[in-house]
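Please look over the sequence and the model first.

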Amino acid sequence: MLAIGVIGGGLAVVTLRNIIHSAVAMMVCFGSLAGMYALLGAPIIAAAQVLIYLGAISVLILFAIMLSQAGDANLPAPFHQQVPFAALAAIVLFGLVTWAIVQTNWGAAVEVAVVTVEALAAVLFTIYALPFEILSLLLLAAIIGAIYLARRPEEDERI
Amino acid sequence: MPSLESYLIVSALLFAIGAFGFLARRNAILMLICIELMLNGVNLSLVAFNAYGPASDNAGAIFSLLIMAVAAAEVTVGLALVIAIIRTRQTPEVDEYSDLKE
């Protein structure tokens with residue numbers, strides 16, 4: 001059921017003509033993914049998915065679309081002329097990965113263990129403390145870079 | 001309870017859809033959305049491995065959290081770039097960005 005939401009949302013994203021509709025389909029896809037994470041015993045990941053993807057990234061993308069769209073009157077053709085090759089590449093990729101998944105012996109099914117917030121925090125701030133700190137640096141760099149790039153250039157320094 | 005394989009196949013399918021969209025669509029913002037789809041496909045496989053794998057230290061969950069943060073940074077800078085390009089070229093279609101060819 002959730003898989004239908006994920007896959008249907010993803011297909012709608014790449015096929016819909018109007019880009020706003022694509023963005024809404026993306027939100028459906030991400031919401032279904034959050035449900036899947038909850039099913040997989042990781043409610044904290046599901047919460048992060050809702051906060052970051054549904055909350056932040058979707059709103060950011062919708063804003064960018066609204067800022068960039070002059071008008072919906074004349075929608076251009078959504079696809080390149082290289083669609084057959086792109087479809088072929090995607091199908092081959094999916095086929096190879098699925099073949100690898102089916103061929104592999106994943107061992108006996110085990111009961112899904114719930115990821116508790118305490119256990120996650122305990123490893124995040126001990127073993128994975130360095131990636132965590134590097135990530136904060138990356139986010140700072142991203143903020144500064146985004147401000148610099150999206151700023152309207154002043155009169156004497158056109159880029 | 002669905003098996004690990006079913007989750008992995010859904011994740012592979014999501015990744016393939018994202019790859020197709022990235023290669024086939026003409027709108028720069030939609031290409032960024034497709035990158036997000038691919039990252040989410042990988043995230044799903046990581047969380048599935050974390051749930052079904054041997055008793056672990058929750059490395060899969062940690063990695064998926066890190067990927068989410070990196071994706072947020074990536075989409076921020078990417079959208080800023082796209083908006084800057086749209087401002088100078090007046091179009092979001094990547095076919096029109098052919099200055100280097102001419």
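Apart from its neighbours within four places in sequence, B:A48 is in contact with A:L40, B:L4, B:Y7, B:L8 and B:S11; two residues are in contact if their C-beta atoms, placed from the backbone, lie within 7 Å. The model is predicted, so local features need pLDDT of at least 70 and side-chain atom pairs count only at pLDDT 80 or more, while totals for chains, interfaces and linings use all residues. Residues are numbered from 1 along each chain as its sequence is written, and chains are lettered from A and ligands numbered from 1 in the order in which they are written.

B:A48 is found in helix 2 of chain B. Helices (H or I, at least four residues) and strands (E, at least two) are DSSP runs, numbered from the N terminus. B:A48 counts as buried because it has 26 C-beta neighbours inside 10 Å. The cut-offs are 20 or more other C-beta atoms within 10 Å for buried, 12 or fewer for exposed, and partly exposed in between, with C-beta atoms placed from the backbone. From B:A48 to B:S11 is 37 residues in sequence and 9.4 Å in space, C-alpha to C-alpha.

B:A48 also belongs to the largest nonpolar core, which has 64 residues; A:Y37, A:A42, B:I29, B:I33, B:V47 and B:A48 have the most contacts inside it. A nonpolar core is a set of buried Ala, Val, Leu, Ile, Met, Phe, Trp, Tyr and Cys residues joined through C-beta atoms within 7 Å. Two or more residues each come from helix 1 (2–15), helix 2 (19–39), helix 3 and helix 6 (129–150) of chain A, and from helix 1, helix 2 and helix 3 of chain B. Helix 2 of chain B gives the most to this core, with 15 residues.

Two helix pairs, both involving helix 3 of chain B, are set out below. Axes are lines fitted to C-alpha atoms, for helices over the stretch in contact, and angles run from 0 to 180 degrees between N-to-C directions.

| Helix pair | Angle | Axis distance |
|---|---|---|
| Helix 2 of chain B and helix 3 of chain B | about 175 degrees | 9 Å |
| Helix 3 (residues 43–68) of chain A and helix 3 of chain B | about 5 degrees | 11 Å |

Helix 2 of chain B is therefore roughly antiparallel to helix 3 of chain B, and helix 3 of chain A is roughly parallel to helix 3 of chain B. Angles under 35 degrees count as roughly parallel, over 145 as roughly antiparallel, 65 to 115 as roughly perpendicular and the rest as oblique.

The contact of helix 3 of chain A with helix 3 of chain B has 18 nonpolar, three polar and no charged residues. Here Ala, Val, Leu, Ile, Met, Phe, Trp, Tyr, Cys and Pro count as nonpolar, Asp, Glu, Lys and Arg as charged, and the others, Gly among them, as polar.

Between the chains, the contact takes 67 residues from chain A and 57 residues from chain B. Helix 3 of chain B supplies 20 residues, the largest share of the side of chain B that touches chain A. That side divides into 42 nonpolar, nine polar and six charged residues.

Chain A has six helices and zero strands. Of its 159 residues, 22% are buried.
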